[in-house]
Number of protein chains: 4
Amino acid sequence: MSSASADLFAPLFADPDVLEQLSDRARLQAMLDVEAALAEVQAEIGIIPRDAAVHIRGAARADLFDLNTIAVETATDGVPTIPLVRHLTKVVQGSDRDAARYVHWGATSQDIFDTALVLQLRRAVPPLLAHLDRAAAAAANHARRYAGTPMAGRTWLQQATPVTFGLKAAGWLDAIARQRNALASALEDVRVLQFGGAAGTLAALAPHGIAVTERLADRLGLTAPDLPWHAHRDRLARFAAALGVTCGVLGKIGRDVSLLAQTEVGEAVEGKGGGSSAMPQKQNPVAASVALAAAVRAPGLVATILAAMPQEHERGLGGWQAEWVTMPELVLLTAGASRAVAGLLEGLVVHEDRMGENLHATHGLIASESIAMALAVHVGRAEAHRMVEQAARHVRNHGGTLADALAADPDVTRYLMRADIDRHLTPEHYVGAARELVERALRGSKTM
Amino acid sequence: MSSASADLFAPLFADPDVLEQLSDRARLQAMLDVEAALAEVQAEIGIIPRDAAVHIRGAARADLFDLNTIAVETATDGVPTIPLVRHLTKVVQGSDRDAARYVHWGATSQDIFDTALVLQLRRAVPPLLAHLDRAAAAAANHARRYAGTPMAGRTWLQQATPVTFGLKAAGWLDAIARQRNALASALEDVRVLQFGGAAGTLAALAPHGIAVTERLADRLGLTAPDLPWHAHRDRLARFAAALGVTCGVLGKIGRDVSLLAQTEVGEAVEGKGGGSSAMPQKQNPVAASVALAAAVRAPGLVATILAAMPQEHERGLGGWQAEWVTMPELVLLTAGASRAVAGLLEGLVVHEDRMGENLHATHGLIASESIAMALAVHVGRAEAHRMVEQAARHVRNHGGTLADALAADPDVTRYLMRADIDRHLTPEHYVGAARELVERALRGSKTM
Amino acid sequence: MSSASADLFAPLFADPDVLEQLSDRARLQAMLDVEAALAEVQAEIGIIPRDAAVHIRGAARADLFDLNTIAVETATDGVPTIPLVRHLTKVVQGSDRDAARYVHWGATSQDIFDTALVLQLRRAVPPLLAHLDRAAAAAANHARRYAGTPMAGRTWLQQATPVTFGLKAAGWLDAIARQRNALASALEDVRVLQFGGAAGTLAALAPHGIAVTERLADRLGLTAPDLPWHAHRDRLARFAAALGVTCGVLGKIGRDVSLLAQTEVGEAVEGKGGGSSAMPQKQNPVAASVALAAAVRAPGLVATILAAMPQEHERGLGGWQAEWVTMPELVLLTAGASRAVAGLLEGLVVHEDRMGENLHATHGLIASESIAMALAVHVGRAEAHRMVEQAARHVRNHGGTLADALAADPDVTRYLMRADIDRHLTPEHYVGAARELVERALRGSKTM
Amino acid sequence: MSSASADLFAPLFADPDVLEQLSDRARLQAMLDVEAALAEVQAEIGIIPRDAAVHIRGAARADLFDLNTIAVETATDGVPTIPLVRHLTKVVQGSDRDAARYVHWGATSQDIFDTALVLQLRRAVPPLLAHLDRAAAAAANHARRYAGTPMAGRTWLQQATPVTFGLKAAGWLDAIARQRNALASALEDVRVLQFGGAAGTLAALAPHGIAVTERLADRLGLTAPDLPWHAHRDRLARFAAALGVTCGVLGKIGRDVSLLAQTEVGEAVEGKGGGSSAMPQKQNPVAASVALAAAVRAPGLVATILAAMPQEHERGLGGWQAEWVTMPELVLLTAGASRAVAGLLEGLVVHEDRMGENLHATHGLIASESIAMALAVHVGRAEAHRMVEQAARHVRNHGGTLADALAADPDVTRYLMRADIDRHLTPEHYVGAARELVERALRGSKTM
């Protein structure tokens, strides 16, 4: 809504280019862009004089307007378009009395306001997509480079079976690439002109309403809708949801990295961690925290946009207004998280040695599925599972290696020799289709 | 999570077919379907004996299992798949000792659990889509039938300019059709097998992991993913979001109808309203309340799915579990609201007489934009706006008609004769492109 | 997070005094206030030289610091306190080399940051409470003045039975007063110093840690907690929830007023409505829209604060950061809505004539419970309900008054004479304990 | 809403006693309890015959009603109270024709429905509080027992400075105790009768309305409100929020334990972990996952209750209905998480050896603040920080201990001897006021 602690956190949480496109100034400019384009297409059709359009275009520069005045008057008028149109009329009057008569001709506030929002989204989202592309490229590099680097796979935060770091990075890549495309497609979907006049009938422009709609869309690089969408917000909601899902994808990466970077794990750390005001040794995973914070914040913001959908009749009150600050905030948040994760992945320092150490820390337990499958061939899956579970319990309670515990069990050695046991319990041998899966992800993300 | 007040509200809020597909029993069956199909494709490839697959398939019937026992054991195991596999193994043992050895071969709980969820979605969502189709058809009928029926357009809950009821219905149609397609497409997107084994490497099935994946997907009518998606929940999140947006679209219709049905408005009422335990005259808009309740509940449920996304490493804890009850709840909620709105629109009783009365209730004020545009040609938009605003204020404060107030203003009569004024202030004349827009919506929703 | 469209909407949605207290500058100042107070109590105890404290206090003025620089460095350090402490040290060095050695002695970033947030809340919330007091006073005035003004009560948006406008206003008063006190009490609850040093043991200040804590709390006008609460955010969450509930209370009033102000209802309108860029006759309920927008936005913001609670170990990452923008935003939103509703209620224009007209618009249906109760004495509640329901159906389908329809039914006239029927169906007679309830609310809100 | 996968997860996620109190059956019984008590107080006052009350009380047993029939009819009537009253009337008719005339006398559906919800909350929440008490007691035990057990404190998931496990447990205790009291107090706050008749005026009971209200509240063990609260939901919202905050408090504990239980950390594990269907060695932190899942789900559910608040006029549509499933779900969720955390804390297995190992894993880095403070006395905080940061970097890049690195720096040894360095770098020596803080928490939680 507001400038509460607006700028202090901007460099941490936001992307400056996206911020610029979503600023107040940019919002005014986008509204003015719509007013100018409207005048131009009306002049083309012959609804207003050509000269009027020239003067309106000339006045449609945000720097000619005082943001504060418009903000203050918005408090009375309820929508910034109303004071903006008033001041635009004055500015045009200053250059041509007659032209001023045609400002905002046949339009309503929401036409200008909503279309301006769409223009802002169209301008602000491409840098966000570029960050996702960077993040995907960096994840792809890790996937390729570490395709064969074994590490502990972890489920429920417990070591499970080995994976490779390449496979983990391929998972990130796969999700980023998929969501990047979903977001780009949602941007296409939302790139739609809102134009309907006072209550959506285009009556003030009859009989030219639909012609104006189509030319205006064309001139602004937007799609012309079948119907004005003033009170139907599903496109915006789908776009908001796409942003929210993007934050979730990025948050997952932030979570993984924050966990890998733990002092006790130490398998991958941010190249550029933050410090501490108290502890000289600290290197905090700042980028991961930015991604995670976005993943915490986005669900509530998406929920707001969804909750705002049941708007009353031809223009809502409450729901529409709730979107005004929430939509840009969500874009900004997602862009900031995308930038943070791109930087995080590009700079990620991978400690293969720690991966190796951790993989062996459980003395074979991490490969217990491997030996269970080898036994299962002989005794069935359930019985094999039970046998290995018993040996694993022994290791946890009395120490030693899983290989020793199994080798001491005649039920096991009836089927497997010690060398077999050792081979099955070598974690590096038990990474399955990891490499092939990495290749699939690399191919798949390209064709996406 | 639970059976808290589970069934009491089901007939009101839910669809029985969808409920059936999302029941505990159906969830067990879906898990068993995956286990059986897994055994069959493994038999085909030669990983397990053909006979084993036959016995496993034979045992994969939910009615052979005691739901309560599995529920109780889930409290210990943490995931229902674990006790289910245990009991499935026993059931198979009952028919063939050897076959039991191959139950759940090379799979992990999440493979079965997540894929079962996908199967449930695939089964539960088509009836939901059918309700949306019914709702769209009913909205299209209203749009066609009432394309020329003028009524008050309302913005900020104030009468604004005239629209037609057909145009309002076309707006509903347009949004339903668009979101119906978005949901169907999200269903396609989520129709993806989850299969990766313990930590996603398919190691227990090496070297057949990917072959099993592809055949299993095929057999279950699902898509094979490039990578297992156990810890990447973006597809589910996109689907949840599509459900949430659907509830928003339906809630908007519920809101409009609840407002139209107000005693003081009375323009359209539910054919089958509910009664009151206290007031004999009451006819409550029950279907609208169901749609609105869904629109209030869905944002929080979608937020939950989004908040659950940053799942730890190869299988999360907390986030994954939060999905278990939330995803089906969201499907059920959306299906119930779709059914309610389909019924609401099919049975909607439209009172054209009240629409006419309300349109004239303001003595011309509703057409003030019309006269302002007529004056604007002579004096410019801003000045015309001011002139009509002044006359409107006079009407509000001292009564009379807008036509009289304007006719008393020499600044107006300099440009417009009384007959012109009256013509411009006839609301029925001022519905612009309403009819053409309705046709666009009817065409557009067909091609969608 | 950011300055996205920060200022354009501030005068509409926010309160300038509260905004000031939540600005970046105010946040820096609050952090500096904590640093200075810390130095002073440490000097008192003898941990650092008295002179150092004097120099640190002297440097603790936000205007000595460049907000931009600190913002930019926050992007690297992860928390604004880190660059702030660095620059504070420099500023102190400028005045006294030795004093600079004692800046931020034994503290950690979060101590300063969280305590500063608490200070900001303590400063920002009283104006918010004052708006609620104004709103309560205005509601009380309406309750008193219109205690006997009958109007239609409406349930499910259908006319139900008569109420009085005073009773409706008393309901608003009751809720505002109750929530105002809940919020004030939540402010008391959250007014707690955070101080624990690096990981909450106060080790860097041993053996003076707890003494510093208690004196620091005292000096800042805060409560000293039993334990540092760095990773336990329940107090903040309770406060956020109290803000969210406040927005809900205000949104309910906004909704009621927006419905009363409908053109077709017209019973109460905002004194200062907004206009329209298209329609000269419009008077939009702007204040109601501000309250409703807050009620749409607050749930998502509260959900964010709740979702942020499970913070990792001694300081979280992601959750903590998610609070930074969300908490102030929520305060600002609630303050803006409180101010809007205060203005709305103070300026509300009540149209008793329209209330009367609407009350009679259903020709007696609104009093059907009244007559049903009169019949129930004779035939029982259920049978009476059925009889009146039948008459009401007749009125709805064939017009006429409920009195006529009932008078035509011999089953009715067996028990009630026409005069009785007419008396029971006079809505003004059927407002029950409305006046007494108003008085209870007026008394109750005073003692709260 | 519904029985979607209702029972399968109940033993995992819910508490059976609480579930019982929130079941459909219990809801019917609570509604019947209200109807019976209403008849009784009306008989006392002389509004209805004493005999009627006896028969109504006799019929007010949920087992006399068919849940399915009531559920099916709810779909038409919109509220379960309507069919329930119809069937109650029939049952009473069966025993006494005359008594049946007085069923539901002067009440409206919402009176019964909302008051029944309050009764259910009053019955369901005490077991929840008991779980919190168990959890607090178990946390207190850990706090006491391990008050002096040093372990690594972790901020941003990085080792920070030493803490003690007792201090960590004291933090849990402190938060549980505080929130337990907040919840108990919110239960007091919500324990309020709803009774107002059709639209809140008590008109059907005039002149006895308020007397009935007060006696009814008394008989049901509830508070009589100043005003009916049918459309003012702040009490429910505050209660929902208290449940949400409780889930957050529990989720924080779940998160901590899940992190402590990581294979690579291993400092504390659940006594009764879950297994894996694939991996024999696994012991999954099931209780932690239940708590975390609750913390993921609760924010969305609380947001729903908040979003439902702006209810229309004297009875909303949409918002009210959204509460019906959400409130019990939230209670159930919180109770389940409370029970899980109680069990978790009672059974927690603490590995002091692993705490010791991890504390020394960084070769002194974890105590770097300690040495920095020692140096700060000589060179100032900032310079000391810089010196230790440099040594820490050396250790991270080239191995060795922090003590060696510092001892090799003449700038350090100018002030500190090797023995001092070693002493300062002994993590066990650097736990500050941990023990005292534990005692404060133990005392504080008792007085709460």
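Student: Why does C:His363 count as partly exposed?

Tutor: Good place to begin! Buried means under 20% relative accessible area, exposed means over 50%, and partly exposed is in between (1.4 Å probe, protein chains only). C:His363 has 45% relative accessibility, so it counts as partly exposed. Before we go on, this is a predicted model, in which local features need pLDDT of at least 70 and side-chain atom pairs count only at pLDDT 80 or more, while totals for chains, interfaces and linings use all residues. Residues are numbered from 1 along each chain as its sequence is written, chains are lettered from A and ligands numbered from 1 in the order in which they are written, and side-chain values use heavy atoms, with hydrogens and water left out.

Student: What is the phi of C:His363, and where is this residue found?

Tutor: Its phi is near 55 degrees, a positive value in a residue other than glycine. Most residues other than glycine have a negative phi. C:His363 is in the loop between helix 13 (352-360) and helix 14 (368-379) of chain C. Helices here are DSSP runs of H or I with at least four residues, and strands are runs of E with at least two, numbered from the N terminus.

Student: And D:His313, is that residue buried or exposed?

Tutor: Its relative accessible area is 3%, so D:His313 is buried. This residue also has a positive phi, near 45 degrees, and is found in the loop between helix 11 (286-307) and helix 12 (319-347) of chain D.

Student: What kind of peptide bond joins B:Ala206 to B:Pro207?

Tutor: That bond is cis, with omega near 5 degrees. Most peptide bonds are trans. B:Pro207 is in the loop between helix 8 (165-190) and helix 9 (209-220) of chain B. In chain D, the bond from D:Ala206 to D:Pro207 is cis as well, with omega near 5 degrees.

Student: How do you know that chain A and chain D are related as by a two-fold rotation axis?

Tutor: A rotation of 180 degrees with 0.0 Å of shift along its axis superposes chain A on chain D, with an RMSD of 0.0 Å. The two copies are thus related as by a two-fold rotation axis. In chain A, the C-alpha nearest that axis belongs to A:Glu264, 3.0 Å away. Copies are superposed by least squares on the C-alpha atoms of residues with pLDDT of at least 70 in both.

Student: What shows that these copies meet through the same surface?

Tutor: Of the interface residues of chain A, 100% are also interface residues in chain D, so the copies meet through the same surface. The contact (heavy atoms within 4.5 Å) takes 41 residues from chain A and 41 from chain D. The area buried between the two chains is about 3600 Å², with carbon and sulfur atoms giving 52% of it. Buried area is the accessible area (1.4 Å probe) that two parts lose on being put together, summed over both.

Student: What makes A:Arg154 and D:Glu264 a salt bridge?

Tutor: The definition asks for a side-chain nitrogen of Lys or Arg within 4 Å of a carboxyl oxygen of Asp or Glu. Here the N to O distance is 2.8 Å, and the side chains of A:Arg154 and D:Glu264 meet in a salt bridge. The count between chain A and chain D is two salt bridges.

Student: How do you know that the length of helix 7 of chain D agrees with its number of residues?

Tutor: The expected span is 1.5 Å times one less than the number of residues. For the 37 residues of helix 7 (109-145) of chain D that comes to 54 Å, and the end C-alpha atoms are 54 Å apart, which agrees. Helix 7 of chain D does bend by about 30 degrees at D:Val125, with a proline, D:Pro126, following within four residues. The bend is the angle between axes fitted to the seven residues ending at a residue and the seven starting there. Of its 37 residues, 26 are buried, so this helix is mostly covered.
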